[in-house]
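Here is a short report on one protein model. Look at the structure first, then read on.

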Amino acid sequence: MSIKPTAEGKPTFGVEVNVIGDDGKPVYGPNGKVLKQKICMADAKFSDGSPQSLYFPAGHPQEGVFKGTAILLQERGFDVTDLRTQCPHFKCKPPMLDCCCCRLLYNQPDFCDVESMLETHCKARGFQVLFLPKFHCELNLIEQCWGYAKREYRKFPASSLEADLERNVVNALDMVPLVCMRRFFM
Ligand SMILES: [Zn+2]
C-alpha cells in the first residue's frame, strides 16, 4: 500500500484473483494457466461500523483511484503529518503500534480482524467456522473418530484382497459410535 493515492496512469492498488466462469469454476487461458484479474479491495470499516471505501468515490477527480494510507488514516481522525510511510522493510520495532502509517493502519481493528472467505461463505449459509490451533491435530475431534475406526479395523482378519480391505474400512468407519461423531459436530 502506498501512502499517497495511486499516481495517474499507474494501475491502482488492488488484489489479483482468479477469473471465475459462469459455471463457478476458474477460467484457463491458452497457456493452460488460470486467468487472473485485478479487482479493487472491499471496503474497510470505520469504528462505528460504517463502510470506508479505499478508493475515491464517483464524481471525485480521481474516481476509482486508491486513496493511499495517509488519507485513509486521516479519514479515521489520525494526524499523520509527521508519521513515516513505513519502517524499513516493514520490520517495525516493538511495541509496533503507531511507528509508521502502515503499522497504524494494520493495527486498526477492521484490518486486524478481516474475515476469511471461508468464514464469510459459511456464515452466509448459517454455519460457524471454528479454527483449531495449528499443528495440534490431537485437538481435532475427528482424530478420535479415525482412531476408533483404526482400532476396529485392526480386529478384522488379515487379508490381501482389495475387496476385503475395502469392506473392512467401510465397516470400521460404520462402527464409530454416533456419540463420537456428535461431539465432533456439536
Ligand atoms: Zn513501523
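## Terms and model

Buried means under 20% relative accessible area, exposed means over 50%, and partly exposed lies in between (1.4 Å probe, protein chains only). This is a predicted model: local features need pLDDT of at least 70, side-chain atom pairs count only at pLDDT 80 or more, and totals for chains, interfaces and linings use all residues. Residues are numbered from 1 along each chain as its sequence is written, and side-chain values use heavy atoms, with hydrogens and water left out.

## Cysteines

Cys99 is partly exposed, with a relative accessible area of 27%. Cys145 is buried, at 2%. A disulfide is a covalent bond between the sulfur atoms of two cysteines. Here the test is a pair of cysteine sulfur atoms within 2.5 Å. The structure holds zero disulfides.

## Nonpolar cores

A nonpolar core is a set of buried Ala, Val, Leu, Ile, Met, Phe, Trp, Tyr and Cys residues joined through side-chain atoms within 4.5 Å. The largest one has 13 residues, and Leu54, Phe66 and Leu73 touch the most other members. Helix H1 (69-75) and helix H2 (101-106) each supply at least two residues of this core. Helices (H or I, at least four residues) and strands (E, at least two) are DSSP runs, numbered from the N terminus. A second, separate core has five residues, including Cys145 and Val176.

Glu152 sits in helix H5 (residues 142-153). Glu152 counts as buried because its relative accessibility is 8%. Leaving out residues up to four places away in sequence, Glu152 touches Ala172 and Met175. Contact means heavy atoms within 4.5 Å.

## Loop residues

The peptide bond from Pro94 to Pro95 is cis, with omega near 10°. Pro95 lies in the loop between H1 and H2. Met96 is in the loop between H1 and H2. Its phi is near 50°, a positive value in a residue other than glycine. Met96 is partly exposed, at 34% relative accessibility.

Phe135 is not a glycine, yet it has a positive phi of about 65°. Phe135 is found in the loop between H4 and H5. Is Phe135 buried or exposed? Phe135 counts as exposed, because its relative accessibility is 80%.
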